[in-house]
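Take a moment with the sequence and the fold. We will walk through them piece by piece, starting from a single pair of residues.

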Amino acid sequence: MDFAAQTALFSAIAEEKGLVNALEGNFSVIDRETGNIYITPSHKMKRLLKPEQICVIAPDGSQIGGSEKRSSEFFLHEAAYKARPDAGAVLHCHTPYLTAYALSFRDFIPPENCFVGQVLGRMICLPYGEHGTHAIHEGIEDALKSSPVVLLGGHGVVCVGTDPEDAIGTLEAAENLAKTTVLKSQLASF
């Protein structure tokens, strides 16, 4: 499997769906056989990335491939993979509705009668941790036990999936549910 090509393809899909952009968000895929993580570079439009630009990070943390500098959020991706051995892809982004919860330092608790909410579970909001440091993922191991989506206090959101399609689909469903929940609360005030 060409993990760099897969990372480039699905990061482009994530940008086309409005989940990431050149300045915000990053996407990665892991090769569980080697432990190498393939991650998007910093400050690049995801839909224009070529496989040779995808950063390849070895288990020891050294960059062994890719023509660009790795994302500053590599530690977040690495922690998510360690917390969830079933994960094959990680998406970190700043979608408006889930990020609004994160900026408010509030867990997102889906409505009980909603199927998607039952699948996703409670999305825990971690305390603030500076981006690009290990502090951003403190508590992620426990948070990922209740949901594949975790809110990063004062920052954004991270989602794990069994593969790239699952990660993007899960995040998209979570964002749509957050949007619907906000709209419902606005309707209740009429």
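**A walk from the sheet to the core**

Valine 150 has valine 158, in strand E8, as its bridge partner. Keep in mind that this is a predicted model. Start with that pair and look around it. E7 and E8 run antiparallel, and four bridges join them. Another pairing puts valine 149 opposite cysteine 159 in E8. The two strands form a hairpin, with three residues between them. In the turn, glycine 154 has a positive phi of about 70°.

Now turn to the other neighbour of E8. Five bridges join E5 to E8, and these two strands also run antiparallel. One of the pairings links alanine 89 to glycine 161 in E8.

How do the strands line up across the sheet? Eight of them form an open sheet, in the order E4-E3-E2-E1-E5-E8-E7-E6. The pairing is mixed. Strand E4 (63-65) and strand E6 (125-126) stand at the edges. Each has a single partner strand, so one side of each is left without a neighbour in the sheet. Strands of a sheet pair through backbone hydrogen bonds, either parallel or antiparallel.

Is E8 covered or open? It is mostly covered: six of its six residues are buried. Gly156, Val158 and Val160 point one way from the strand. Val157, Cys159 and Gly161 point the other way. In a regular strand the side chains alternate between the two faces of the sheet.

Next comes the core. In soluble globular proteins, nonpolar side chains tend to be buried together. The largest nonpolar core here has 33 residues. Among those with the most contacts inside it are Leu91, Phe108, Val149 and Leu171. Several elements each supply at least two residues of this core, including helix H1 (3-16), strand E5 (89-93), strand E7 (149-152) and strand E8 (156-161). Helix H6 gives the most, with six residues. A second, separate core has 22 residues, and Leu76, Ala83, Ile136 and Val150 are among them.

Look closely at leucine 91. Leaving out residues up to four places away in sequence, leucine 91 touches Val157, Val158 and Cys159, among others. Its contacts also include Ala14, Phe27 and Leu171.

Helices are covered too. Threonine 7 sits in helix H1. Threonine 7 has a relative accessible area of 0%, so it counts as buried. Beyond residues up to four places away in sequence, threonine 7 touches Phe27, Ser28, Val29, Tyr38, Ile39, Thr40 and Ile54. Helix H2 (residues 74-83) is mostly covered, with eight of its 10 residues buried. Among these buried residues are Phe74, His77, Glu78 and Tyr81.

Where is alanine 58 found? It lies in the loop between strand E3 (55-57) and E4. Its relative accessible area is 11%, so alanine 58 is buried. Setting aside residues up to four places away in sequence, alanine 58 touches Asn36 and Ile64. Alanine 58 and phenylalanine 115 are 57 residues apart in sequence and 38 Å apart in space, C-alpha to C-alpha.

Finish with the empty space. Rolling a probe the size of a water molecule over the atoms shows where empty space is left. The largest pocket holds about 280 Å³. It is lined by 18 residues. Leu23, Asn26, His43, Ser72 and Glu73 lie nearest its centre. The lining divides into three nonpolar, 10 polar and five charged residues.

How values were computed
Residues are numbered from 1 along each chain as its sequence is written. This is a predicted model: local features need pLDDT of at least 70, side-chain atom pairs count only at pLDDT 80 or more; totals for chains, interfaces and linings use all residues. Side-chain values use heavy atoms; hydrogens and water are left out. On a 1 Å grid over the protein atoms alone, a cavity is a set of points where a 1.4 Å probe fits but cannot get out, and a pocket is an open set with protein on both sides within 12 Å along at least five of seven lines; lining residues have an atom within 4 Å of a point. Grid points are joined across faces, edges and corners, and a volume is the space filled by probe spheres set on the points. Ala, Val, Leu, Ile, Met, Phe, Trp, Tyr, Cys and Pro count as nonpolar, Asp, Glu, Lys and Arg as charged, and the others, Gly among them, as polar. A nonpolar core is a set of buried Ala, Val, Leu, Ile, Met, Phe, Trp, Tyr and Cys residues joined through side-chain atoms within 4.5 Å. Buried means under 20% relative accessible area, exposed over 50%, partly exposed in between (1.4 Å probe, protein chains only). Contact means heavy atoms within 4.5 Å. Two strands pair if DSSP finds at least two bridges between them.
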